[in-house]
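Here are my notes on the model you sent. Please read them with the structure open.

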Amino acid sequence: MNRDQQLFDYLLRLADSDLVLAQRLGAWVGHGPVIEEDIALTNVGLDLLGQARLWYAYAGEVEARFAARGRSEDELAFLRDSSEFRNLLLVERPNGNYGDTMARQFLFDVWHRLVLAGLSRSRDVRMAEIAAKALKEVRYHAERSADWVIRLGDGTDESHAKMEAAIDGLWMYTGEMFESDAIEEALAADGITCDSGALATSWREQVAAVLAEATLSLPASGWMQSGGKRGVHTEQLGYMLAEMQWLQRAYPGAHW
Amino acid sequence: MAAARLPGGALVSRRALADRNAIDAIWTTLAAIPDPEIPVISIVELGIVRDVAFDDDGLVVTVTPTYSGCPATEVIATDIERALATSGVGSFRVQTRLSPPWTTDWIAPAGRERLRAYGIAPPGERPALQTIDISSLRRPAAAAIPCPRCGSLHTRELSRFGSTPCKAQYRCEDCLEPFDYFKPH
């Protein structure tokens, strides 16, 4: 892999996590517990979709440097199979109940904010610009999801039990956020990305502080599932992509 | 070389003066384009238009998106193209610039007042972005947002998001009216 191929792969990791989570959040439309939350979830999804588009557009330009041509945003989103997706396993987890959705959002948001803050100092100007733009939005997402983890954790017996179960159930998918591989190490060494492993301490401190406020226990470190960055996904992603991509698969090139 | 004097006394070429007048006219044209979601404020007052300039290929209008996923962004680009096409400016293009990222600090004072009159509380102080501290992950103390209708500070946040990504939903506890708050960003 040359440097551009590594950068392309890394950009897909960012874009795919944004897109998959945006699609998950979009599935809440019309199903939110109250209309304000229905609107809020889809607005967060909209931010993530916008960020995914910025990353895909850049990825397509980078791809054109080493391939016959660079793919468009739509081609990258709608015409790749699950083994070509590079998103974190965490974001493809099913929506579950509202607590499950907010727990997933919180664990992701805290990481997302840290990684974007690091990327906003990238030596790659385009990367830094997109990250700085996204960071402003994600900061707000993190405040909101932390708020819900606290409200539900420090709420009724039932909401507490559900939030505890949600955090416990998702915990095994958080480890891969801090796993580095040859691609990330090479890009980080050049100052293009930040070192994934270096984010772990801050992430754990911030998550622990919010869980303490929420009267929830920090799960014990156990075995962590990984594979998303290599395209090894859980069964759930396939169903989601089938629903998201069917129109472009059935009617290639269809547009409004 | 043909030259003319500006009020400031600087000597500029006639070409530059003509460009300058043309650019002023373009800004006036753009200032008449309303934001598609909040039509009481123009895209110039909202701070979306970052630059108007000529290069070798013609006029270049540089815009920046408010939020990454704001659906109004494409509508705004189309509105600008339509306005320029009928303005007789000749060849032009609209380009997007991400950096520095858009901030509500760029909303003009007159625009803020129009937002208030329209029933949207204008954005307040922007939180510091550079520090990532744990306390900011907890529920921040809600700053008092004055009700755009009665001015009361006795208001409450109902939801972190309102009818668009750039707004939150509030309610005045005195006049009991719900209202949108343009979030500081």
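1. Chain A has 10 helices and zero strands. Helices (H or I, at least four residues) and strands (E, at least two) are DSSP runs, numbered from the N terminus.

2. This is a predicted model: local features need pLDDT of at least 70, side-chain atom pairs count only at pLDDT 80 or more, and totals for chains, interfaces and linings use all residues. Residues are numbered from 1 along each chain as its sequence is written, and chains are lettered from A and ligands numbered from 1 in the order in which they are written.

3. The C-alpha trace of chain A spans about 60 × 45 × 30 Å along its principal axes.

4. Of the 256 residues in chain A, 50% are buried (20 or more other C-beta atoms within 10 Å of the residue's own, with C-beta atoms placed from the backbone). Among contacts in chain A with a separation of 6 or more, 72% join residues 24 or more positions apart. Two residues are in contact if their C-beta atoms, placed from the backbone, lie within 7 Å.

5. The largest nonpolar core has 104 residues. Such a core is a set of buried Ala, Val, Leu, Ile, Met, Phe, Trp, Tyr and Cys residues joined through C-beta atoms within 7 Å. Those with the most contacts inside this core include A:Leu11, A:Ala15, A:Trp55 and A:Val149. Helix H2 (residues 35–66) of chain A gives the most to this core, with 14 residues.

6. What does A:Trp55 touch, not counting residues up to four places away in sequence? Its partners are A:Leu11, A:Leu14, A:Ala15, A:Asp18 and A:Ile130.

Conventions: A residue is buried if 20 or more other C-beta atoms lie within 10 Å of its own, exposed if 12 or fewer, and partly exposed in between; C-beta atoms are placed from the backbone.
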